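Keep the viewer open as you read.

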Amino acid sequence: MKTILIKHTVFLLLGLANAISSCDVNDLKPIANSATLPMRLSDYNIFQNGGAGLPTARFHTYRLATPLFTDYAEKQRLLYLPQGTHLSFDQAGNPVFPDSSMLVKTFFYYSDKRDTKAGKRLIETRILIKIDGQWNVGTYEWDEAQTDAFLLEGGTDKPVNWVNEMGVRKTILYHIPSSAECSGCHRSDQSVTPIGPKARNLNIPLEGHSDPENQLSYFQKTGIVKLAPADQLITLPDWQNPSHTLAQRARAYLDVNCAHCHSTKGLAQSTRLLLDYALPFADTRIHARRNDILYRIQSTNKNIRMPKLGITVPDSAGIALIKAYIQSL
């Protein structure tokens with residue numbers, strides 16, 4: 001009996017590995033840009049004084065309720081909308097951007113996270129810019145002088161060192177994604193789409209304001225967001241906030257880190273595992289695939305582990321959360 005069980009387990013794991021390898025982004029043809037992007041990030045006039053400091057007035061800082069994990073990198077998120085236009089949302093809470101809109105995300109590490117004033121190292125800036133109805137992707141690698149970043153097509157690895165909030169020195173080989181990887185994560189059928197700024201992920205209090213105003217309400221007052229009466233303004237839970245239930249935190253984490261691929265239009269649609277937070281649990285197949293999920297997130301094999309893109313080191317806290325959630329089902 002024990003031999004039969006072992007053989008059955010091996011069969012399942014081999015089948016899982018084959019299913020995962022069939023989702024390899026390297027086998028996909030990248031979604032081509034519709035426009036030629038500038039070679040230098042500075043050509044966009046995003047920042048005031050070079051580097052990635054204060055944005056110019058036309059770029060708006062925003063933050064997310066639950067952000068994507070990317071090898072413990074810090075992120076600055078900026079939004080640009082052409083004058084006289086606004087961001088709205090469809091019935092599912094997905095963002096609807098006008099042409100010429102731009103999303104800018106800069107990845108960096110503080111030299112010592114215990115003292116953020118001690119300096120930081122800029123690694124890359126990713127942009128999405130909508131031109132003639134199509135989103136174009138661009139990844140810009142920051143130079144050693146930290147004064148400008150340059151368009152990178154093929155992806156590359158960079159060694160990064162920093163001291164974390166616990167005073168531990170960390171070293172990783174950070175991966176800057178290729179165009180194929182960018183379009184893989186942002187793929188929706190045969191087009192590219194933004195991932196993070198859904199209504200529920202923006203529906204949070206502002207930080208650093210004397211009045212803890214809601215971010216969406218603030219953006220509506222400034223004229224860059226238009227909310228319709230029918231907009232369903234639920235909030236995606238902060239997965240690190242223990243005031244939320246285990247299920248809410250885990251579903252939020254899976255939504256942001258996995259649902260862009262695990263959707264009916266994403267890279268992993270063939271798995272039929274759907275991880276959008278708004279879906280009823282019965283429609284996700286999380287319970288049916290719970291053993292697969294647990295195996296994938298804990299795997300050290302880069303061809304099997306999940307998430308498949310965007311990380312080179314495991315998110316230990318995120319793995320612990322998902323493990324606890326799966327074991328509770």
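A residue counts as buried here when its relative accessible area is under 20%, as exposed when that area is over 50%, and as partly exposed in between. Keep in mind, too, that this is a predicted model.

Now for the charged pairs. How many salt bridges does the structure hold? The count comes to eleven. Start with Glu-213 and Lys-221, whose side chains meet in a salt bridge at 2.8 Å, N to O.

Next, have a look at Glu-144 and Arg-121, another salt bridge, with the closest N and O atoms 3.9 Å apart. This pair links distant parts of the chain, 23 residues apart: Glu-144 lies in the loop between strand E7 (134-142) and strand E8 (149-152), while Arg-121 belongs to strand E6 (residues 120-131). Glu-144 is exposed, with a relative accessible area of 65%, and Arg-121 is partly exposed at 28%.

Then there's Asp-292 with Arg-289, whose side chains form a salt bridge at 2.7 Å, N to O. Asp-292 is partly exposed, at 24% relative accessibility, but Arg-289 is buried, at 11%. Elsewhere, salt bridges with shared partners tie Lys-198, Arg-200, Asp-255 and Asp-276 into one network.

On to the cysteines. How many disulfides does a search of the whole structure find? The answer is zero. For Cys-182, the closest cysteine sulfur is in Cys-185, 7.9 Å away, so that sulfur is too far for a bond; a disulfide would need the two sulfur atoms within 2.5 Å.

Finally, turn to the hairpin. Strand E9 (residues 156-163) pairs with strand E10 (residues 169-176) in the antiparallel sense, over eight bridges. To see the pairing for yourself, pick out Asn-161 and go across to its bridge partner in E10, Thr-171. Five residues lie between the two strands of the hairpin, and in the turn Gly-167 has a positive phi of about 85 degrees. While you're there, remember that side chains in a regular strand alternate between the two faces of the sheet.

Conventions: Residues are numbered from 1 along each chain as its sequence is written. This is a predicted model: local features need pLDDT of at least 70, side-chain atom pairs count only at pLDDT 80 or more; totals for chains, interfaces and linings use all residues. Side-chain values use heavy atoms; hydrogens and water are left out. Two strands pair if DSSP finds at least two bridges between them. Helices (H or I, at least four residues) and strands (E, at least two) are DSSP runs, numbered from the N terminus. A salt bridge is a side-chain nitrogen of Lys or Arg within 4 Å of a carboxyl oxygen of Asp or Glu. Buried means under 20% relative accessible area, exposed over 50%, partly exposed in between (1.4 Å probe, protein chains only).
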